[in-house]
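Subject: Structure handover

Hello,

Here is the structure we talked about. Please open it and keep it beside you while you read.

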Amino acid sequence: MSKYIGAIDQGTTSTRFMIFDHGGHVVSVSQKEHEQIFPHPGWVEHDAKQIWKNTESVILDALKQKNLTGGDLAAIGITNQRETSVIWDKTTGEPLYNAIVWQDTRTDDICNQLAKKGGPERFRSQTGLPLATYFSGPKIKWMINNVPAVNGAVNRGTALFGNMDTWVLWNLTGGVQGGLHLTDVTNASRTLLMNLQTLDWDEDILGVIGVPKALLPQIQASSEVYGATSEKGLLKTKIPIAGILGDQQAALVGQTCFEVGEAKNTYGTGCFMLLNTGEAPVLSKNGLITTVGYKFGDNKPVYALEGSVAIAGALVQWLRDNLGLIDSSAEIEDLAQTVKDNGGIYFVPAFSGLYAPYWESKARGIIIGLTRYINKGHIARAVLEATAYQTREILDAMNKDSGVKLIRLKVDGGMVVNELLMQFQADVLGVPVVRPTVNETTALGAAYAAGLAVGFWRDYNDLRNNWNPGKEWQPDLNSSAKISGYNNWLKAVKRTFDWLD
């Protein structure tokens, strides 16, 4: 039996390949960043060809680090930035336009047009989603309408659409030489085109938005053997591709949140909290998203409520890259600790509008409460606090929708190494915050999905046995963050509304 499972983690700012052993421990990892392309205000794009080249590079590098070959892998799983949309030509393998990233807001007019009949909740009963620029369907419509190469390929019948999981899978399994055009239910549930009950593309919505079904990948489970790597590809051998999960659902699986009421929050480029609601979808009345959590093989799907925050770690990157206040993201904690509090300022990072629970596409970011007392330490602290306050808003909405009061929050993602942020998060929520020993739960969740499909792990209990708490932060009950700080945050958020006409 092969000793390891591999996981491709294709994220918003980088692509990684991670290799795990049976205990869920990291054996090897390789990571490469890709370019962030900003053609116009509110537009965010990626070069899909660069991402695929990086994927090839990190797979080979992670294997080489430990002198492994493809034969040492029992299977490979894929997890990915969701909603980021690419259309390519199946005869050439060439993307017909840059991938439009989930943060992109160019489809606002399309969403507004669709909302003229039925409002922003027009498709929620079928899809669990509001009409918003976040999702893939309007992005497809925009490319068909505005990119001649896409329109021509659609008319010729040679165009294929995918979120990044589908693009990576197609290339990994042969590309123009028979690559698989598939996605899983978690990614499909983020397109605004899949019916949550049937787990298939909704013909009525396709017709309304104007997306040809021939463009779309086949929808399958999150854990099953889809096919294998091409023998003519980079690994020169057939390795089962057996798991696909959108990144936040992968983290839910990696955190082993298999029971109703269990929740996790991932602190990455954005911030995403998911609550397991069981085998029946719960439609939100408080601005959350209803999504598929996972579907393993022939088992019934498990659904989740999700609160999505567009800008979290991306705000730290902005402080580094746009303002130059820090040289590396890790420096923000030290800078924030040069002051005892935020000095009375609040930073609402509505760079792409506001996602849950507001869905205000016309909002834009603000720093409010400025006085001459404020220095760069206060700004750094307000940047970190913005993530914690946004998470509190999501949790409040989740409690209202589910009726389940959270007793602790499992956390993961790049920002959870920041001890100051994690303590502040516990203070704002008033519940313990727990970081597992293996922090990279997104890649681990994809590995678990693939490993379950090929028998590398037997069942949920195998996976639960791998989860161990690494560090826990208890809330400071004397902190002002939970009440006065949060109330000030809510006032600041309201100031961002309707900035754009």
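Below are the notes on its sheet, helix contacts, pockets and cavities.

First, the ground rules. This is a predicted model, where local features need pLDDT of at least 70, side-chain atom pairs count only at pLDDT 80 or more, and totals for chains, interfaces and linings use all residues. Residues are numbered from 1 along each chain as its sequence is written, and side-chain values use heavy atoms, with hydrogens and water left out.

The sheet

Helices (H or I, at least four residues) and strands (E, at least two) are DSSP runs, numbered from the N terminus. Six strands form an open sheet with mixed pairing, in the order S3-S2-S1-S5-S14-S13. Two strands pair if DSSP finds at least two bridges between them. S3 and strand S13 (223–228) stand at the edges, each with a single partner strand, so one side of each has no neighbour in the sheet. From one strand to the next, the twist averages 25°.

Look at one pair inside the sheet. Strand S5 (residues 73–80) and strand S14 (residues 240–246) run parallel, joined by five bridges. Ile-78 has Ile-244 as its bridge partner in S14.

Angles here run from 0 to 180 degrees between N-to-C directions, and axes are lines fitted to C-alpha atoms, for helices over the stretch in contact. Helix H1 (residues 48–65) lies across strand S1 (4–10), S2, S3 and S5. Its direction is at about 150° to S3. H9 packs on the sheet and touches S5 and S14. The direction of H9 makes about 105° with that of S14.

Helix against helix

H9 (residues 247–254) also packs on helix H14 (residues 441–454), at an angle of about 80° and with the axes 7 Å apart. That makes H9 roughly perpendicular to H14. (Angles under 35 degrees count as roughly parallel, over 145 as roughly antiparallel, 65 to 115 as roughly perpendicular and the rest as oblique.) Contact means heavy atoms within 4.5 Å. On the H9 side, the contact is made by Asp-247, Ala-250, Ala-251, Val-253 and Gly-254. H14 brings Thr-441, Thr-442, Leu-444, Gly-445, Ala-446 and Tyr-448. By class, that is six nonpolar, four polar and one charged. (Ala, Val, Leu, Ile, Met, Phe, Trp, Tyr, Cys and Pro count as nonpolar, Asp, Glu, Lys and Arg as charged, and the others, Gly among them, as polar.)

Helix H4 (residues 136–146) and helix H5 (residues 148–156) are another pair. Their axes come within 5 Å and cross at roughly 95°. So H4 is roughly perpendicular to H5. Met-143, Ile-144 and Asn-146 of H4 meet Pro-148, Val-150, Asn-151 and Val-154 of H5. This contact has five nonpolar, two polar and no charged residues.

Pockets

On a 1 Å grid over the protein atoms alone, a cavity is a set of points where a 1.4 Å probe fits but cannot get out, and a pocket is an open set with protein on both sides within 12 Å along at least five of seven lines; lining residues have an atom within 4 Å of a point. Grid points are joined across faces, edges and corners, and a volume is the space filled by probe spheres set on the points.

The largest pocket has a volume of about 920 Å³. It is lined by 37 residues, with Thr-13, Tyr-267, Gly-268, Thr-269 and Gly-414 nearest its centre. H10 gives the largest share of this lining, five residues. The lining has ten nonpolar, 18 polar and nine charged residues.

The second largest pocket has a volume of about 610 Å³. Of its 22 lining residues, Phe-38, Ala-314, Trp-318, Asn-322 and Phe-351 are closest to the centre. H10 gives the most here too, with five residues.

Cavities

How many cavities of 30 Å³ or more does the structure hold? There are three. The largest cavity has a volume of about 90 Å³. Nearest its centre, among 16 lining residues, lie Val-309, Leu-354, Tyr-355, Ala-356 and Gln-390. Its lining has twelve nonpolar, three polar and one charged residues.

The second largest cavity has a volume of about 60 Å³. H14 gives the largest share of its lining, three residues. Gly-254 and Leu-444 are among the residues nearest its centre. Both also belong to the contact of H9 with H14.

Best wishes
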